[in-house]
Every structure is written in C-alpha cells, then in structure tokens.
Amino acid sequence: MRHPWSIARRIAVVHVALVAAIALFSVWSAYLQAREVAQRVEERHVQGVTALVARDPALVSALRAGDAPALQAGIDGWIAEAQVSWLTVMDPDGMRLASWRPEQVGVRYPRPVDAVVAGDTVVELSSTGAAGRSVRALAPVVDPEDGTVLGVVTTGVQISDVAIMAQAQIPGILLGSAAVAAVGLLVAWLVGRYLNRVTLGRGPEQIAEQFLLAETAMDSLEAGVVVLAPDGRVRLHNDAAARLLGWEGAGEPRLPTELSAALPDAVGGEASLAVGGRVLVMQQRVVRAPGRSDPGGSVPPTALAAAAREGVTTAPAGSRVLVLHDRTDLQRLGDELTVAHTLTTALRAQTHEHANQLHTALALVDSGRLEAARAVLSRRAADEEASDDVLAALLDAKAA
C-alpha cells in the first residue's frame, strides 16, 4: 500500500517529533534540577534563620514568662526579620502557643518534636498542608541561663513552582526548541524539494516497487544488464550479467575482450558474439546529454524530457547500457533442428524410392515376369530385356 505522504512531509514530521521530544525532556530535566537546587538553598536558609529566631532574646523572655500574647504579637516581626513564609512557637510538648495562623493556637503540632527538644535542629520538606510545597525547620529555644528547653520554634518557606520554572529557564528552552523546529522545517522543505526533483516525483514506495519490478523482470528473462562509465569501467550490473560473464565471486568486474571489441559496432543495434563458451546477443544504448535521445535509445523520450526539465540524468553523458541475452541453448536447439530436418528429408527420399521398388515388383509379379521382379527385389542388375520389363512395370504402377 502506497503511503500518501511525500518525502518532505515525512522528514518534517519526524523532525518536529524529534525536536518536541528533546524539548520536553530538556524542560523536565531543567525543572527537576532547578527544583532540587531551590530546595537545597531554602533548606540552608530556613535552617539558619530558624536557629537565629530561636536565640532571639524577646522570644526567650516571652517563653520563660509564659506570655502567650507577647509571643503572638511578635510573630509578624520575626517573619519579616527572618524573611520566611510563616513562623510558629510551641511548648516542649508540641502545643502551639503562637502561630502565623491564629486559629491554630492551642492545636498540637501533628508530628513528634522529641528530637528537637533533645537539642537537634530538624529540616523537613513538605508538599502537603496549607502552605503547599515548602521547606520547614524546627529548632529548640534554649534558656541561656540554665540550658533548659523552653519551647520549639518552626519556620518555613513556600517554594513557588513559578519561581522554579523561571530559575529553570523553561521559556528560553521552549523558544530555542521552536527556533530549531522552524529551521528544521525549512531544511526539510528544501531537502524534500531536492528529493522530489531527483526522483522525478516518485515516492520511496514507488521507487522500491519499480526497482523490484525491474529486477524481477530482468531475472525472469535472464537478461544481463551492464552499465559502463564513459571511460569503460563497469559501474553497475545485475546478477544475470554476473552469471553470463563469469563475474560471480570476482573482485572488480572487467568486460571480456570479445565484448569490448564489439562495442563500437553495436550502437543502436544488436551483435552476436561468443563469450566464454556462450553465444550472447548484445544490445547497446549510449546515454546522451539531457534532452538528446539515442537512436533506438533505451530511455523513453518522455522520461528523458522530464529528466531534462528537472536537470537530472540517469548517468553521465557517454555512459553505455548493455543488455545481454544468452542464446547458447537456442543455437544448440537450432543446430539439432537442422540435423533432424536433413535426416527427415533423406528418410522421406529413401521411403519414396522403396515404395517405387515395391510398386514395380508388384506390377512384374502381376504380369508374370517373376525373374524381373526377383531382380528388382534383390537389387541386382537385370539384362536388357528385363530392364525394359522393369521400366514398363514401373510406368504401369504409376499409372495405376
């Protein structure tokens, strides 16, 4: 089944699909890398500012005094100073004492804070909750006087997908991919025009079909095809030519001397010659310049005209196309037929002569001349009188 798309369209579609796949892979890789970098930067930032807020004297004093209103009043100032998205202060049991969301005051933190109370600073990455994708850190608030843990402070920074995309330079990647796709489409169009010109408008399936058809036809006819360059070198040949000229398994094929000598006399006609014990009939055509046809040429004038209009030639001017037909078996059969015909003629003459003898002998027997009949049948010479009887008997038999 022939594909309706031209070569140019196939090249363009493959190019666009390839560029799109590369662009998507580049965007996804750049996004993942930018997100990883943003997370690491925010982790270090949140861990540092949380430790600084935990050592703030005002926060320590308010926790030591249990002054929850003072803690809630200081939330906005600490958020602005630390440049974080939110801040929450809890007691050592995880109960919220002050929060950036006042409705959460008095609600226990959903995760254990034992490791933080033990003196560790914990950094967490979260993609759930009210803040969405974020990085948060929990640090203990330690009383500098006796070293006891007064509470836990947690801060966090929301990671924006828009910021990640900007950092990944996704718009630049998309613009670059679009430019590459546009240039590729232009190149595909130019290449498609060139291929359409040199193939005379035939698609890949048509070229393959015609090639297979020509190969099958030549092989079925056992016709050898040899294309010679203007300098006499063998450029192309099919399997039948290799069998006829003994090139199977050989390195560089060379024309036999008998074939080379017959080339000047066979232009536009046929020549019979003996090559390697075979009788070959050679037809020769010479490729002329575009637009000029060879007398009796092998390329149809319409194809030559189309090729000339497109500036395409099937081979350089001066190349020769040789078509070889094996006539060895045909000549042998002809010789055998000639011998059979000669033998048949001789047998027909001998049969005729034998019939004449029988007729003569029968006439002599009917007339009572037995000696003359015996002489005819025994093929021995008869006397003069018997010879007259034989002649008379032959005439009587012919007359009968």
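Val183, Val187 and Val191 make a nonpolar surface patch of about 220 Å². Such patches are made of residues with over 30% relative accessible area and no salt bridge; like charges are joined within 9 Å, and nonpolar side chains (Val, Leu, Ile, Met, Phe, Trp, Tyr) within 5 Å. Accessible areas come from the Shrake-Rupley method with a 1.4 Å probe, and for residues only the protein chains shown count as cover. The model is predicted: local features need pLDDT of at least 70 and side-chain atom pairs count only at pLDDT 80 or more, while totals for chains, interfaces and linings use all residues. Residues are numbered from 1 along each chain as its sequence is written, and side-chain values use heavy atoms, with hydrogens and water left out.

Val183 lies in helix α7. Helices (H or I, at least four residues) and strands (E, at least two) are DSSP runs, numbered from the N terminus. Helix α7 covers residues 170-198, 29 residues in total, and spans 41 Å from its first C-alpha to its last. This is close to the 42 Å expected at 1.5 Å a residue, where the expected span is 1.5 Å times one less than the number of residues. Val183 counts as exposed because its relative accessibility is 52%; buried means under 20% relative accessible area, exposed over 50%, and partly exposed in between (1.4 Å probe, protein chains only). The buried residues of α7 are Ile170, Ser177, Ala181, Gly184, Ala188 and Gly192. An α-helix has 3.6 residues a turn, so residues three or four places apart point the same way.

A search of the whole structure gives 3 salt bridges, each defined as a side-chain nitrogen of Lys or Arg within 4 Å of a carboxyl oxygen of Asp or Glu. Side chains of opposite charge can pair when their charged atoms come close.

Arg64 is partly exposed at 38% relative accessibility, whereas Asp143 is buried at 4%.

Another salt bridge is formed by Glu124 and Arg111 (2.7 Å, N to O). Glu124 belongs to strand β3 (residues 122-126), and Arg111 to the loop between β2 (96-99) and α5 (114-117), 13 residues apart. Glu124 is buried, at 17% relative accessible area, and Arg111 is partly exposed, at 35%.

The side chains of Arg101 and Glu103 also meet in a salt bridge (3.0 Å, N to O). Arg101 is partly exposed at 26%, while Glu103 is exposed at 53%.
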